Amino acid sequence: MLLKAAMLIAATLLLGAGLYRYWLLGRATKVTVAMGLVGVAALLTFSFLDLRAALLNVRPSADASLLWRYAATSGHGVAVQVRAALALALGVLAVIPDATGRSVGGAYLVAAVGLLSTFSVISHGAVMGGWLPLLSDLVHFLAAGLWSGAVFALVLAPLWREERRPALVVAMRKMSGLGLAAVLVLALTGVFNALVHAGDPERFVGSTYLLALAVKLAMVAATIAVAGANRFRFLPRLLSGRELAPLRAAMRVEAVLLLAVLVATGWLSTTAVPHGSEVSVDALRNAGKLIDYLGR
């Protein structure tokens with residue numbers, strides 16, 4: 001759970017760096033460089049540790065050569081390879097000079113979507129088969145990542161001084177619209193994802209998955225409440241020329257709550273889905289066959 005949460009947070013930092021650089025502010029700063037580099041380093045590290053943990057969970061005696069074969073031949077390993085390549089590309093795009101970077105904002109978004117898809121292809125949605133659950137999972141993660149990344153970037157941005165008020169106003173207007181769109185998308189895809197995994201009501205109601213989902217929804221509700229206060233109470237005060245401190249404090253609270261949502265998402269996404277036993281049995285059987293093959 002913690003490894004998955006750490007990977008989600010790292011990916012969100014990368015998204016935030018791109019949003020800050022190419023949309024919210026439009027130029028590189030120490031914040032974008034730091035967010036990008038930290039995001040890349042953390043994502044590479046935790047993705048490798050997650051790959052190793054998945055292998056050791058099935059074969060505790062696995063050595064380095066077996067880990068290498070698992071990384072090179074399994075779907076999980078290929079997803080991590082693609083993720084690593086895209087993370088490095090995003091890191092470069094986050095730190096290139098402004099004169100070069102003005103024309104690559106679209107490339108950053110495409111690479112970011114590709115990076116997030118490496119989580120979706122090995123997610124609960126992928127287990128269901130078909131393209132719709134997979135696409136819903138990807139869109140859900142993208143909306144959450146864009147919202148969280150933008151909030152993290154603004155909280156860390158060097159904009160919270162009176163002389164930077166015009167730039168802060170522009171960034172907050174953009175952030176407000178993005179947040180509203182993200183909440184709508186999260187609601188639609190979240191309901192769809194929950195219905196997909198509630199096909200066996202008896203198992204669903206008594207499952208740990210439902211508990212994890214309830215905790216995540218509680219965190220999301222609290223975050224939306226704070227985001228609503230930011231949009232309808234503190235942002236108008238900023239636009240009317242009043243002090244910056246209340247809005248900055250509220251944004252920090254929203255950022256902490258979004259971190260909690262990402263941790264809850266890590267728990268939810270690593271909890272067994274409450275389907276019929278045939279899904280989990282087949283998955284375990286296939287995983288066991290792969291590990292046995294690699295160990296020969």
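A pocket is an open set of points on a 1 Å grid over the protein atoms alone, where a 1.4 Å probe fits, with protein on both sides within 12 Å along at least five of seven lines; its lining residues have an atom within 4 Å of a point.

**Entry 1: the model**

I noted that this is a predicted model, in which local features need pLDDT of at least 70, side-chain atom pairs count only at pLDDT 80 or more, and totals for chains, interfaces and linings use all residues. Residues are numbered from 1 along each chain as its sequence is written, and side-chain values use heavy atoms, with hydrogens and water left out.

**Entry 2: the second largest pocket**

I looked up the second largest pocket and found a volume of about 750 Å³ (the space filled by probe spheres set on the points, which are joined across faces, edges and corners). Its lining has 36 residues, and His140, Asn193, Lys216, Thr265 and Leu268 lie nearest its centre. Helix 9 gives the most to this lining, with nine residues (helices are DSSP runs of H or I, at least four residues, numbered from the N terminus). I sorted the lining by class: 22 residues are nonpolar, 11 polar and three charged (Ala, Val, Leu, Ile, Met, Phe, Trp, Tyr, Cys and Pro count as nonpolar, Asp, Glu, Lys and Arg as charged, and the others, Gly among them, as polar).

**Entry 3: helix 1 and helix 12**

I then checked how helix 1 and helix 12 pack: the angle is about 135 degrees and the axes are 8 Å apart (axes are lines fitted to C-alpha atoms, for helices over the stretch in contact, and angles run from 0 to 180 degrees between N-to-C directions). The two helices are therefore oblique to each other (angles under 35 degrees count as roughly parallel, over 145 as roughly antiparallel, 65 to 115 as roughly perpendicular and the rest as oblique). In helix 1, Lys4, Ala5, Leu8, Ile9 and Thr12 meet residues of helix 12, including Leu259 and Thr265 (contact means heavy atoms within 4.5 Å). That contact has six nonpolar residues, four polar and one charged.

**Entry 4: helix 1 and helix 8**

For helix 1 and helix 8 I found axes that come within 7 Å and cross at roughly 65 degrees. That makes helix 1 roughly perpendicular to helix 8. I counted the classes here as 13 nonpolar, five polar and no charged residues.

**Entry 5: helix 11 and helix 12**

Last, I looked up helix 11 (residues 208–239) and helix 12 (residues 245–269), whose axes come within 9 Å and cross at roughly 165 degrees. That makes helix 11 roughly antiparallel to helix 12. Their contact has 25 nonpolar, four polar and two charged residues.
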